[in-house]
Amino acid sequence: MAAETLAAAGRSVLVAEAKPTLARKFLMAGKSGLNLTMDEPAAQFRAAFRPCPPALHDALTAFGPEEVQTWARGLGSTVFTGTSGRVFPTEMKASPLLRAWIARLRNAGVELRTGWRWTGQLGACPVPFDTPEGAQHVHPRVTLLALGGASWPRLGSDGVWVGQMPGPSDCAPFRPANMGFRRTWSRHMEPHFGAALKQVRLSCGPDSVLGECVISKAGFEGSAIYALSRALRKGGAGDESGCEGGPVTLHIDLMPDRTADQLAQRLHQMPSKTSLSNKLRKLGLPPAKLALLQECARPLPGDPAALAGLLKALSVALDGPMSLDRAISTAGGLRFERLTGDLELAAHPGWFSAGEMLDWEAPTGGYLLTGCFATGRHAARGALKRLDAAKRGPDAGPN
């Protein structure tokens with residue numbers, strides 16, 4: 001996105017990609033349909049980004065859900081909005097869009113180099129690369145880093161670039177985001193590994209999500225647990241003061257479509273000789289939900305009101321988040337305090353940054369891709385300001 005913005009302004013651009021092929025994480029996102037963005041009001045969309053400092057706010061304001069859809073159409077992809085508000089290309093794949101995008105970049109004169117890994121230090125020029133042809137050095141007028149976070153290392157987001165920053169204070173530590181949570185199960189749960197808990201409400205502290213998740217051998221995974229992962233990682237603190245990464249309690253409403261009173265009344269009406277398990281089945285509780293209830297709350301109470309209370313707020317102890325290499329994305333990275341409003345590193349004029357290497361966090365649902373698109377475009381526009389200022393003279397700062 002940065003290369004496209006700079007090339008459209010008539011600048012010569014070199015894209016140096018460390019991997020043998022371009023956009024591997026983009027292609028991986030396409031395996032689940034390529035959720036490009038979320039079709040919702042701009043203010044609501046931006047509220048999903050935490051933190052959302054002024055530079056990120058400005059980037060998303062200028063290039064949000066509507067702009068992403070227009071951009072995709074411009075590359076020949078029609079898009080549609082699913083029932084959840086998520087926006088996808090109709091072909092539900094990343095490769096056609098990527099091929100059209102790369103072709104457009106090449107037609108604009110962008111030079112694409114793969115297998116080029118940056119080996120220098122921030123601010124150092126010439127900029128050195130380890131390449132298939134050996135060491136190479138380039139002398140750019142501006143440099144824009146888009147080095148990714150620390151999830152999916154096999155796709156290129158390995159976080160090793162942190163060692164190329166001047167000091168540890170420039171970067172917030174990486175933490176897993178949009179990840180599952182570990183739970184040690186009894187053997188009683190083994191038949192239910194891989195089962196979906198559909199239509200549940202998950203809560204931690206003040207945060208709550210209605211959706212579904214999956215019982216896995218390692219714990220819980222799936223869209224609803226990912227959406228709540230930030231609150232769970234922070235132990236339900238609801239702010240930046242939480243102690244991250246330790247054991248935490250998840251509360252699950254197994255039957256969110258009915259009130260506790262409605263459930264208690266229905267249980268009370270059942271014959272007293274009916275076993276508790278059969279009563280719960282007659283309520284419509286699927287096997288996986290019943291197994292989870294028995295796993296976490298045995299012995300189950302016979303009192304209808306108490307049992308209804310468990311169905312509405314089952315407490316599940318979690319051991320902690322799954323590891324970085326199993327996370328969809330990461331929190332942490334280059335701190336916004338080290339950047340100007342144009343995403344230029346304040347201590348290193350002419351060096352810009354964008355994408356998941358910046359310290360922002362957002363849920364799945366198109367927010368991640370849109371955030372990367374928007375910051376790439378915003379940083380490139382900042383680079384154009386820097387280039388224009390240099391053309392006007394050494395005493396003219398960026399406007």
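This is a short exchange on how terms are applied to this predicted model.

Reader: What are the ground rules?
Author: Residues are numbered from 1 along each chain as its sequence is written, and side-chain values use heavy atoms, without hydrogens and water. The model is predicted, so local features need pLDDT of at least 70 and side-chain atom pairs pLDDT 80 or more, while totals for chains, interfaces and linings use all residues.

Reader: Why are arginine 183 and glutamate 295 called a salt bridge?
Author: The term needs a side-chain nitrogen of Lys or Arg within 4 Å of a carboxyl oxygen of Asp or Glu. Here the closest N and O atoms are 3.9 Å apart. The pair therefore qualifies.

Reader: What does this pair tie together?
Author: Arginine 183 lies in the loop between β11 (181–182) and β12, and glutamate 295 in helix α11 (residues 287–297), so the pair ties parts 112 residues apart in sequence. Helices (H or I, at least four residues) and strands (E, at least two) are DSSP runs, numbered from the N terminus.

Reader: Why is arginine 183 called buried?
Author: Buried means under 20% relative accessible area, exposed over 50%, partly exposed in between (1.4 Å probe, protein chains only). Arginine 183 has 14%, so it is buried. Glutamate 295, at 13%, is buried too.

Reader: Is glutamate 111 buried, partly exposed or exposed, and what makes it so?
Author: Its relative accessibility is 36%.

Reader: What makes β12 and β13 a pair of strands?
Author: Pairing takes at least two bridges found by DSSP between two strands. Seven join β12 (residues 196–204) to β13 (residues 207–215), so they pair; they run antiparallel. Leucine 202 stands opposite valine 209. The two strands form a hairpin with two residues between them, and glycine 205 in the turn has a positive phi of about 60°.

Reader: How do you know that β12 also pairs with β15?
Author: Three bridges join β12 to β15 (residues 248–253), so this antiparallel pair qualifies as well. Arginine 201 stands opposite aspartate 253 in β15.
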